[in-house]
Structure formats: structure tokens, C-alpha cells
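Subject: Structure for you to look at

Hello,

Here is the structure I said I would pass on. Please open it next to this message and follow along as you read.

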Amino acid sequence: QVQLGESGGGLVQAGGSLRLSCVASGRTFSTYAMGWFRQDPGKEREFVAAINWTGGSTHYADSVKGRFTISRDIAKSTLYLQMNSLKPDDTAVYYCAKSRYISITYNVKDYDLWGQGTQVAVSS
């Protein structure tokens, strides 16, 4: 059974950077698209970025486009989210997730496996 585990969250000042990692243990995850989502307390989980199964195609939410970069290392079964120029509005718990599909999707319901989340806090 595949499990996902995020790391790399923390507290950073506005304008700073963080890199989140998500390691998949168990059966390989290389044949599925992967995504990052985030959630504030009392709000719905929102799409941040996604990458297709080969890593050759990516898509970002408008709010993070140009600042965040999603990537994957198939050999290491690891998904990354490089976050630059962080803003206080980026504060949330960030989750990595495995899609049911090989192509990029943005809907939470299209993802069937989730990590436990990692907290990102950006101070002004």
C-alpha cells in the first residue's frame, strides 16, 4: 500500500522560500499524476499545483504561478514544491496527493491518496 509523507514546512518571513517534499513509500507512484493542495482552517482545500505522470507537464493555480514550481523525481519516489517569494496569504497546511489519473487534474475528488500535511506559515 502506498503512503505519502510530506516534510519541509515551517515559518518563514514574507519574500522567503521553502521547499516541500513528499515521499511515496510502498508500491510505485510513478504512473499517476501528483498534486499539491493547501487548506486554511474553516476553508475548503484548494488546488496549488499538479504534475503529470512523466513530469513533462505542470499546471499551477493563478495565485502561485511564477512563484511556485512542482517537480518529481521518479527514482526517489519524491514530489517537490519549491515555493519562492512567499506571501502571508500562502499560510496554510500543504498536502501532497496522488491522482487517480495519469494526466493533470485540479479537482480534489480526482485524488485518492493524501499525505498528512505540513504547516507553512508566512509572517509579514
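Tyr106 has a relative accessibility of 46%, so this residue counts as partly exposed. Please keep in mind that the model is predicted. Tyr106 forms an aromatic pair with Phe47; the ring centres are 5.3 Å apart and the planes stand at 65°, an edge-to-face arrangement.

A search of the whole structure gives six aromatic pairs. A pair of aromatic rings is described by two values, the distance of the centres and the angle of the planes. For Tyr95 and Trp114 the centres are 6.5 Å apart and the planes are at 80°, so this pair is edge-to-face. Tyr95 is buried at 13% relative accessibility, whereas Trp114 is partly exposed at 24%.

Which residues do ring pairs link into a cluster? They are Phe37, Phe47, Tyr95, Tyr106, Tyr111 and Trp114. Arg45 also belongs in this part of the picture. Arg45 lies over the face of Tyr95, 3.7 Å from the ring centre. The charged end of Arg45 sits over the ring of Trp114 too, at 4.8 Å from the centre of that ring.

Next, the core. The largest nonpolar core has 34 residues, and those with the most contacts inside it are Trp36, Leu81, Met83 and Tyr94. Several strands give two or more residues to this core, among them β3 (18-25), β4 (34-39), β8 (78-83) and β9 (92-99). The largest share comes from β5, with five residues. Leu81 shows how parts of the chain meet: leaving aside neighbours within four places in sequence, Leu81 is in contact with residues including Leu18, Leu20, Trp36, Val48, Phe68, Ile70 and Tyr94.

Now the strands. Four of them make an open sheet in the order β1-β3-β8-β7, with antiparallel pairing. At the edges are β1 (3-7) and β7, and each of these pairs on one side only. Neighbouring strands in the sheet are turned against each other by 15° on average, direction ignored. How many bridges join β7 to β8? There are six, and the two strands run antiparallel. To see how the strands line up, find Ser71, which stands opposite Tyr80 in β8.

The last stop is a loop residue, Ser57. Ser57 sits in the loop between β5 and β6 (58-60). Is Ser57 buried or partly exposed? With a relative accessible area of 32%, Ser57 is partly exposed. Apart from neighbours within four places in sequence, the contacts of Ser57 are Ala50, Ile51, Asn52 and Ile104. Ser57 and Ile102 are 45 residues apart in sequence, and their C-alpha atoms are 11 Å apart in space.

Regards

Terms used
Residues numbered from 1 in each chain as written. Predicted model: local features only at pLDDT ≥ 70, side-chain atom pairs only at ≥ 80, totals over all residues. Heavy atoms only, no water. Core = buried A, V, L, I, M, F, W, Y, C linked by side-chain atoms within 4.5 Å. Buried < 20%, exposed > 50% of the residue type's maximum accessible area, 1.4 Å probe, protein only. Helix = DSSP H or I, 4+ residues; strand = E, 2+ residues; numbered from the N terminus. Contact = heavy atoms within 4.5 Å. Pairing = 2+ DSSP bridges. Axes fitted to C-alpha atoms, helices over the stretch in contact; angles between N-to-C directions. Phe/Tyr/Trp six-rings, centres within 6.5 Å; stacked < 30°, edge-to-face > 60°. Lys NZ or Arg CZ within 6 Å of the ring centre and 35° of its normal.
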